[in-house]
Amino acid sequence: MQHQINSHPTPPPGCPAHGNTQLFGPEFGSDPERHYDHLRSLGPSAPVDISPDVEVELVTSYDAALYILQNPASFVRDSRRWNALNEGRVPADSPALPMMGYRPNALFSDGAAHARLRQAVTDSLASIDELQLVRQTQQSADYLISQFSSDVLGQADLMADYAQPLPLLVFSDLFGCPPEIGDRVIAGISGIFEGTPGADQVLGGALGELIALKHRRPGNDVTTRLMQHAAGLTDEEVLHQLVTLLSGGTAPLAAAIGTSSALYLGEDWPSGLPVEDAVVQTLWNYAPIANYAAHYPTHDVELGGRILRANDPVVISFAAANTDPKLTEHREQLSGKAHLAFGAGPHACPAKDPALMIAVTAVESLLNRLPDVETRVRFQDLSWVPAPWSRSLVSVPIRFTPRSVTQTAADSTRSQDASSMPAPAAQYPAASHQQPAAHAAAKNKSGLFTRFLAWTRGE
């Protein structure tokens, strides 16, 4: 897999001609493709700073990415091998640590340990009823639209008001959360992405309570299926798989929904093409998980004239690989699913089919409920989050004709079979765990999931 190296590459704006390219900050966020073009000129991979003082090898070639993702004998995921971390060269407060640090889940495991955890996750997700998932997504969409569609100015932010909260509602439902625990799950995972102090304790405590509840009252939900799987997961293992599903599912889904909606509503989108095409184009050109999946070579590996050192992190740029010029020349002949947005190999996303279904349903629901919705800013002028890990729009300002609550489709969804929804809080045993202050604060106010469930009951 040799690649011709340009001896005089042109650095992207703001990047010094010497040293590593910085994959963070507003300069990168405003034009990541130019950074990827520069890195491609160095070969199939190149050293970058993924965060301040944290160097990784970034793979930008589609072929090289596929080679690494499908070669678990030479490239493993266990970040406890990370040389710089073990040698104390990674800042203790580095934003790279929450993303790359080891956790006992399927994402950071290999071999038999990975196969055991992944099978439990895959089987638990496989039992999700597709029609029920569509109904859950539509109902979540209807609720969120009902909250902003009556705005007298007919304006909203598609990201904050719709794309970001929708996956949180769907996942809380899939996990079988009662209202109060669902509120804290949402507060916890949202706080982790926002950098809120104590958010990880809120999330861990809420999921711990949920697991304890499912021991007493099993349900038809992903949490119970993980707990009852033949793999015999411990409660701690169940908790970590749930965290992985939340972190790997909610934020990327929010990015996909927001970008796909903005793309479909953009002036350049061809009339008549289905919503699914906009979602697929988003996965190809604006991969929601942009740079992630750190691998650690088990031995020195030569790649395109560079030596990848054993136990130094090699990060896959799904965004750059999907837009590799060598690939786009003949992309018409490839399957629409040949993109790497969901990864590949043994660690490929086990929830890609439900994720695609949720994204398509969310965009279609928006268009159906607000048929005259349009963006207030051109797609090419929208701003992106300046972070290396994800490709997500900061905001998508939209406008529409204001609608009263009775004009929305909410009334029809409220009449759906209530058996697919969690029972009211009174039907759940009270939690008996002692909670830290952050938990108590989250419990003292009605959260998103509680309000959603009350709305579904017409309260």
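This is a predicted model: local features need pLDDT of at least 70, side-chain atom pairs count only at pLDDT 80 or more; totals for chains, interfaces and linings use all residues.
Contact here means heavy atoms within 4.5 Å. Residues are numbered from 1 along each chain as its sequence is written, and side-chain values use heavy atoms, with hydrogens and water left out.

**Exercise 1.** Find the residues that Leu 166 is in contact with, leaving aside neighbours within four places in sequence.

*Solution.* Start with Thr 137, Ser 140, Ala 141 and Leu 144, which are among the contacts of Leu 166.

**Exercise 2.** Work out which strands pair with strand β6 (residues 291–297).

*Solution.* Strands are DSSP runs of E, at least two residues long, and helices are runs of H or I of at least four, numbered from the N terminus. Two strands pair if DSSP finds at least two bridges between them. First, β4 (residues 75–76) is antiparallel to β6 over 2 bridges, with Val 76 opposite Tyr 296. Next, β9 (residues 314–317) also runs antiparallel to β6, joined by 3 bridges; here His 295 stands opposite Val 314.

**Exercise 3.** Locate the buried residues of helix α3 (residues 62–69) and say how they are arranged.

*Solution.* Buried means under 20% relative accessible area (1.4 Å probe, protein chains only). In α3, this picks out Tyr 62, Ala 64, Ala 65, Ile 68 and Leu 69. They cover an arc (taken from the directions from the helix axis to the C-beta atoms) of only 165°, so they lie on the same side of α3.

Notes:
Buried means under 20% relative accessible area, exposed over 50%, partly exposed in between (1.4 Å probe, protein chains only).
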